Amino acid sequence: MAENENGQEKTEEPTPRKLQKAMEDGQIARSKELNTTFVLVGGVIGLISFGGPLAEALKNIMRYNFSLDRAAAFDEQMMFAHLGATAFAAIQALTPFMVTLAIAAFMGNILLGGWMLSAKALMPKFSRLSLVKGLGRLFSPNSLVELTKALAKFVLVASVTMLVLNYFQGELLNLGVSSVQEAVPHAIAVVSYAVLTISATTIFIAIFDVPYQLYSHKKKLKMTLQEVKDEMKDSEGKPEVKGRIRQMQREIAQRRMMAEVPNADVVITNPEHFSVALRYDLEGSGAPVVVAKGTDQIALKIREIAVAHNVMMMAAPPLARAIYFTTDLDEEIPSQLYLAVAQVLAYVFQLKAHRKGEGVKPKPMADVEVPNDVSYGVDGKIIRPDTPEN
């Protein structure tokens, strides 16, 4: 079982945050054997595909250079031009093969672990200079696995090479009695297919190496239970800090809410347990909006502010509870309460007009009724009447 520096067992799977941090640090699963296989096989395929044109181009370059006349050999400018033409022809001939090789190397790298560019992976790590840690890596299980792979590759490649040489033995011996024009293309073909077969043997090493690298990478990133807890605290915050933040948020919200009470048109009360402040724009098309609400001490504070700023207060317990439990701050009241709130606002506006000398004093308002589906008790539960049997 893997352990950390404190001797604790790493039994927990790596969290998404741990995996993301490992990628940012350049720690991803890579297989050297997979990359080697792609490069070897890709290189041989490139030689088979572009070997003919490449050989023809090299032959033309050699003919071009060996046919140089004496006058050109002693002319510096002509020699530089000759060298430039030779270099350009060589680059042009090698480009398809080199591109094939680059694509194979790129695919071999990103096939396991994906594309990743990390500046941290390029930074020097002086901890690698430690003699003790170096000896630890030298005699580690990973080093044993690498040694086993190296021996397996040697035995496998050597065995396949012997089989390939034995298979092509007759054709290789016949090259000695063939003409140069026939022997060179035939030799290139035999060597190409022989090297392709030998290179393909590394596929078997990669088949075993890829799962091992995935397992090893996952094992390195495993975490102890304490590390998981510490990460959760870091990402979500310590409970006492989170509680303090929530308390501060509530206090800020309450101060903002209390600042809106003087702008309300009416405060509807329970009157002991609930207070709800409403604002209605006569020129607007929307419904009344709840600008403040609360219970107990907060409800008392709302009423105190309302009295200090001459905001009308109405005692309508069922309506106050209905608004409190159905509507959040800065939201319009639900359609079920339109009629009940309209009665309250109509009375409030008539009373304000009378106080300004612009109308008669309204009659005392009757009890406001609310629909059964929004009729709440003090405990927040809907008060439903008995349903008659069908």
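**Fold organisation and nonpolar cores of the predicted model**

Among contacts in the protein with a separation of 6 or more, 71% join residues 24 or more positions apart, a contact being defined by heavy atoms within 4.5 Å. The structure is a predicted model, in which local features require pLDDT of at least 70 and side-chain atom pairs count only at pLDDT 80 or more, whereas totals for chains, interfaces and linings use all residues. Residues are numbered from 1 along each chain as its sequence is written, and side-chain values use heavy atoms, with hydrogens and water left out.

The secondary structure consists of 14 helices and four strands; these are DSSP runs numbered from the N terminus, with helices being H or I of at least four residues and strands E of at least two. Of the 390 residues in the protein, 28% are buried, where buried denotes under 20% relative accessible area, exposed over 50%, and partly exposed in between (1.4 Å probe, protein chains only).

Helix α6, spanning residues 141–167, comprises 27 residues and reaches 39 Å from its first C-alpha to its last, close to the 39 Å expected at 1.5 Å a residue. The expected span is 1.5 Å times one less than the number of residues. Within α6, K149, V160 and V164 are buried, and the cover over the buried residues of this helix includes α2 (32–66), α8 (180–200) and α9 (202–220). F208 belongs to α9 and is exposed, with a relative accessible area of 66%. Although 59 residues separate F208 from K149 in sequence, the two lie 9.3 Å apart in space, C-alpha to C-alpha. In helix α2, T36 is partly exposed at 33% relative accessibility; T36 and A104 are 68 residues apart in sequence and 9.4 Å apart in space, C-alpha to C-alpha.

The four strands of an open sheet follow the order β3-β2-β1-β4, with mixed pairing; strands are taken to pair if DSSP finds at least two bridges between them. The edge strands, β3 (289–295) and β4 (312–315), each pair on one side only. Neighbouring strands of this sheet are turned by 20° against each other on average, direction ignored. Strand β1 (residues 266–269) runs parallel to β4 and is joined to it by four bridges, with V266 opposite M312 in β4. Helix α12 (residues 296–308) packs on the sheet and touches β1, β2 (274–279), β3 and β4, its direction making about 125° with that of β3. Helix α13 (residues 317–326) also packs on the sheet, touching β1, β2, β3 and β4, with its direction at about 75° to that of β2. For these angles, axes are lines fitted to C-alpha atoms, for helices over the stretch in contact, and values run from 0 to 180 degrees between N-to-C directions.

In soluble globular proteins, nonpolar side chains tend to be buried together. The largest nonpolar core has 27 residues, and those with the most contacts inside it are I268, L278, L319, I323 and L337. Such a core is a set of buried Ala, Val, Leu, Ile, Met, Phe, Trp, Tyr and Cys residues joined through side-chain atoms within 4.5 Å. The elements giving two or more residues to this core are β1, β2, β4, α13 and α14 (338–355), and α14 provides the largest share, seven residues. Apart from this core lies another, of twelve residues, among them M258, A292, I305 and V311.
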